[in-house]
Amino acid sequence: MTQTKPKLLIIEDDPGLQKQLRWSLDAYDVVVAGDREAALAQLRRHEPAVVTMDLGLPPDPDGATEGLATLEQMLGLLPDTKVIVLTGNQDRGHAVKAIAMGAYDFHQKPCEPDLLNLVIQRAFVLHGLQQEQRRLQQGQADSPLSGVISRDPGMLKVCRNIEKVAPSSATVMVLGESGTGKEVMARALHQLSPRAKERFMAINCAAIPETLLESELFGYEKGAFTGAAKQTKGKVELANGGTFFLDEVGDLPMALQAKLLRFLQERVIERVGGHEEIPVDVRIICATHQNLKALAANGKFREDLYYRLSEIVLTIPPLRDRNGDAVLLAQHFKNRFCTQEGRAMLHFGPDALAQIARHAWPGNVREMENCIKRAVIMADGPAITADDLGLGIGPVDDEPLNLRQVRDEAEYKAIVKALARVEGNIVKASELLGVSRPTLYDLMDRHAIRPTVASA
């Protein structure tokens with residue numbers, strides 16, 4: 001059974017070089033184009049993963065204007081295509097400009113077949129990895145927790161708890177700072193519940209004036225107030241059979257807290273201006289960034305309502321406490337916005353990654369999303385720099401990722417702390433550290449540590 005060769009597009013106007021490249025690159029299914037129109041036609045027809053191109057195309061064979069224009073159009077059509085520019089020594093500036101526009105790499109003329117083959121092979125491998133990553137992301141899109149991207153143990157525990165809680169009928173309170181993804185969790189609870197096929201209704205208690213909030217929640221009868229021209233159902237009633245999400249429940253006025261408590265107890269509502277009790281079967285999920293226990297202690301939130309709403313409490317950790325998630329999320333948003341904005345795939349420079357890892361992210365995931373979108377739009381070259389992020393903080397030293405360096409620093413700190421705690425007693429320090437006395441002596445010698453107090 002023969003294996004299909006990968007498709008490779010060669011853009012070259014010299015017939016002799018076309019023939020030479022086709023011969024030296026026989027491991028690929030080669031298609032050739034000699035000008036911009038033919039190149040774009042072949043790109044649309046075959047959608048090759050990798051393209052090699054000479055920037056000197058007619059009608060400007062001695063310059064690079066036509067080649068650079070062709071490159072820009074190709075990347076606009078297929079941003080993930082890996083374009084390798086073939087250039088002479090005198091054209092190095094043009095090659096650098098092409099890289100800044102999004103070309104994958106450049107190769108010096110005259111072409112060395114083995115080296116060019118290696119560059120092309122690596123381009124195909126990278127393209128394949130990126131496509132596989134995209135397929136995995138799309139495959140996860142049907143998961144109710146697909147909006148949660150994390151490797152942090154605390155966040156993963158929250159996700160597991162959602163999977164446990166979702167099939168139940170318990171009222172759930174989701175706590176967390178602004179921007180941590182409380183509504184994402186609420187929707188996941190709904191999608192994993194037996195009510196998933198029914199409606200998910202949400203209301204932000206802080207965004208609606210107090211005078212309108214009751215009618216928004218419970219609806220109103222015709223003539224209940226000026227402008228009430230017809231009977232209107234509230235969002236609680238509209239969510240019947242499904243899930244009702246109360247966002248920023250800490251901002252709910254005291255008068256409505258009493259009505260909400262009655263609904264939670266009796267599972268009936270009365271529309272504004274009405275006297276009929278209407279039974280409603282709905283699951284309640286609420287969220288807030290405030291400390292409801294403290295509000296209840298200060299008389300600003302009903303204590304009985306708090307206990308009704310908090311049958312199960314899920315607390316989302318802030319982004320600054322999620323180990324490694326800042327960079328993970330930044331990479332995810334960068335890939336998403338590059339596709340959304342039609343830009344060639346960018347990468348983060350070392351200074352940008354260091355700032356992302358060190359920034360406190362007071363706005364959490366929402367701040368991160370806005371920051372990366374701005375950076376993708378504003379970046380001038382193929383790399384996102386610290387200046388593109390616009391975080392307003394100075395340069396930072398990146399944390400070491402070398403395992404030996406990290407281990408040495410951890411050993412040094414642990415030994416110093418242990419010796420300080422036992423006032424330099426080697427026997428006690430070795431017991432505290434869980435190593436033998438000779439091992440501790442060896443470690444102290446390696447790290448040039450001396451005990452503060454002589455010991456036997």
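Author: Below, each label is set against its definition.
This is a predicted model, in which local features need pLDDT of at least 70, side-chain atom pairs count only at pLDDT 80 or more, and totals for chains, interfaces and linings use all residues. Residues are numbered from 1 along each chain as its sequence is written, and side-chain values use heavy atoms, with hydrogens and water left out.

Reader: Why are β10 and β13 called paired?
Author: Two strands pair if DSSP finds at least two bridges between them. β10 and β13 have 5 bridges, in the parallel sense, so they meet the definition of pairing. Leu246 stands opposite Cys286 in β13. On the β7 side, 5 bridges join β7 to β10, also parallel, with Asn204 opposite Asp247. β6 (residues 172–175) pairs with β13 (residues 283–288) over 4 bridges, and there Met173 faces Cys286.

Reader: What makes β7 and β14 edge strands?
Author: The open sheet of 5 strands runs β7-β10-β13-β6-β14, with parallel pairing. β7 (200–204) and β14 (312–315) are the edges, as each pairs on one side only. The twist averages 20° from one strand to the next.

Reader: What lies across β6, β13 and β14?
Author: Helix α6 (residues 153–165) does, running at about 155° to β14. Axes are lines fitted to C-alpha atoms, for helices over the stretch in contact (heavy atoms within 4.5 Å), and angles run from 0 to 180 degrees between N-to-C directions.

Reader: What makes β10 mostly covered?
Author: 5 of its 5 residues (243–247) are buried, where buried means under 20% relative accessible area, exposed over 50% and partly exposed in between (1.4 Å probe, protein chains only). Thr243, Phe245 and Asp247 point one way, Phe244 and Leu246 the other, and all are buried.

Reader: Why is Glu248 called buried?
Author: Its relative accessible area is 12%, so Glu248 counts as buried. Glu248 sits in the loop between β10 and α10 (254–266) and has a positive phi of about 50° although it is not a glycine.

Reader: How do you know whether Asn364 is buried or exposed?
Author: Relative accessibility is 0% for Asn364, so the label is buried. Asn364 belongs to helix α15 (residues 364–378), and its phi is near 60°, a positive value in a residue other than glycine.

Reader: Which residues does Cys111 touch, leaving aside neighbours within four places in sequence?
Author: Cys111 is in contact with Leu21, Leu86 and Leu116. Cys111 lies in the loop between β5 (105–108) and α5 (113–139).

How values were computed: Helix = DSSP H or I, 4+ residues; strand = E, 2+ residues; numbered from the N terminus.
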